[in-house]
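Have the sequence and the 3D view open as you read.

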Amino acid sequence: AVGLYNIGQTCCLNSLLQVFFMNIHFTRILRRITVPKYPTQKTKNVPYQMLLLLEQMQCGKRKAVPPFDLASCLVAHRLKLFVQYDAAQLFLTLWNLLKRQMTDPELVKKLSDLYTICVQEHLACQRCSSVMKRSSSMLTLPLPLLDSSFHVLRTLEDCLRYFFHPEELTGHNMCFCEHCGRKTPFLQSVKLVHLPQTLTIHLKRFCSERSACIHKLSHSLPFPQDLDFNAVLTEQQCQANDNEKAAWQYELFAVVAHSGSTNFGHYCAYIRSLTECKWYCFNDSTVQQVSWDDVKCTYGHSDLNWGQTAYLLIYMKKH
């Protein structure tokens with residue numbers, strides 16, 4: 001376990017890179033990329049620069065290495081340095097750059113299969129019972145921490161149930177029904193179709209609630225080490241076959257935690273080594289072994305404004 005130096009508000013980038021690099025399923029894909037031919041192509045190729053950084057971390061004997069070349073590569077793709085980033089947004093940006101610059105279609109498919117969640121959106125007219133369906137994919141499951149009445153959701157399982165719970169669209173939110181020829185009440189729902197090998201859950205701790213001012217929700221939200229979607233979701237919340245559902249057993253792999261406020265803060269990553277089965281805290285250049293009790297400290301607490309709160313949860317399928 002090797003750290004990454006903070007070269008100017010890069011704690012968010014460093015944490016995400018460690019989550020990528022500690023995932024052996026991802027590094028197997030990264031090691032198979034086609035190396036660009038020309039020097040100018042190499043400096044602007046994100047997968048190649050990530051591979052170089054990974055090899056630098058694994059071959060050296062230093063406790064930490066600086067991600068200068070990768071950072072310069074990201075700047076070439078209009079990613080600014082020395083600014084505060086949202087971990088969920090930066091994760092999406094990095095993943096899109098990786099996918100776009102991998103030239104081997106087989107590796108692109110493997111990368112997609114490793115991370116992509118597939119869902120089906122349903123819109124059901126409450127007058128004529130006609131249903132419109134649309135398949136879509138997402139990189140993270142964005143779970144709200146408050147319900148529609150702004151009540152706190154107390155556990156990760158509660159957040160998952162609420163995310164997949166149908167929502168009534170009435171009044172100003174009614175939709176136009178082609179069969180009825182006018183606006184009618186609808187029932188909107190999202191049904192789970194496929195879960196990937198590496199599942200990323202985004203806890204939406206930054207919330208505007210009823211005001212235009214965004215603030216952080218720091219209340220405690222326990223999350224389990226083992227997560228079985230079959231035990232959490234109902235049959236009505238799934239659109240998958242039995243073989244798919246049989247593989248919905250997950251084990252926690254990593255937690256990207258945020259401390260601070262909406263305007264100023266810090267990220268670090270707690271990651272379980274897949275080879276040693278030990279937990280480590282990656283805090284920029286500092287890496288140390290920790291216990292599960294240390295990881296549980298990221299549940300959050302409303303009285304600790306600067307306390308660490310889990311922001312991204314990364315689960316790995318059990319085998």
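Q: Which elements do the buried residues of α7 pack against?
A: This is a predicted model, in which local features need pLDDT of at least 70, side-chain atom pairs count only at pLDDT 80 or more, and totals for chains, interfaces and linings use all residues. Residues are numbered from 1 along each chain as its sequence is written, and side-chain values use heavy atoms, with hydrogens and water left out. Helices (H or I, at least four residues) and strands (E, at least two) are DSSP runs, numbered from the N terminus, and contact means heavy atoms within 4.5 Å. The partners of the buried residues of α7 are α1 (11–21), α2 (24–30), α6 (87–101), β3 (117–125), β4 (131–138) and β10 (198–204).

Q: Which residues of α7 are buried, and within what arc do they fall?
A: Buried means under 20% relative accessible area, exposed over 50%, partly exposed in between (1.4 Å probe, protein chains only). In α7 (residues 105–115) the buried set is L107, V108, L111, S112, L114 and Y115. They line one face of the helix, because seen down the axis of α7 (directions from the helix axis to the C-beta atoms) they fall within an arc of 160°.

Q: Why can residues three or four places apart in an α-helix point the same way?
A: The reason is the helical repeat.

Q: Which exposed residues does the face of α7 turned away from its buried side carry?
A: Look at the side of α7 opposite the buried one. The exposed residues there are P105 and K109.

Q: At the start of α7, which backbone nitrogen does a side-chain oxygen of D104 reach?
A: A polar contact is a pair of N or O atoms within 3.5 Å; within protein, one must be able to donate a hydrogen and the other to accept it, and residues adjacent in sequence count only if both atoms are side-chain atoms. Here the oxygen comes to within 2.9 Å. The nitrogen belongs to E106.

Q: How are α6 and α7 oriented to each other, and which residues make the contact?
A: Axes are lines fitted to C-alpha atoms, for helices over the stretch in contact, and angles run from 0 to 180 degrees between N-to-C directions. The two axes come within 10 Å and cross at roughly 155°. Angles under 35 degrees count as roughly parallel, over 145 as roughly antiparallel, 65 to 115 as roughly perpendicular and the rest as oblique. So α6 and α7 are roughly antiparallel, with contact through F91, W95, L98 and K99 of α6 and V108, L111, S112 and Y115 of α7.

Q: How are α1 and α4 oriented to each other?
A: The axes of α1 and α4 (residues 46–59) come within 11 Å. They cross at roughly 80°. The pair is therefore roughly perpendicular.

Q: Is S129 buried or exposed?
A: S129 sits in the loop between β3 and β4. Its phi is near 70°, a positive value in a residue other than glycine. Its relative accessible area is 57%, so S129 is exposed.

Q: Is D284 buried or exposed?
A: D284 lies in the loop between β16 (279–283) and β17 (286–290). Its phi is positive, about 55°, although D284 is not a glycine. Its relative accessible area is 12%, so D284 is buried.
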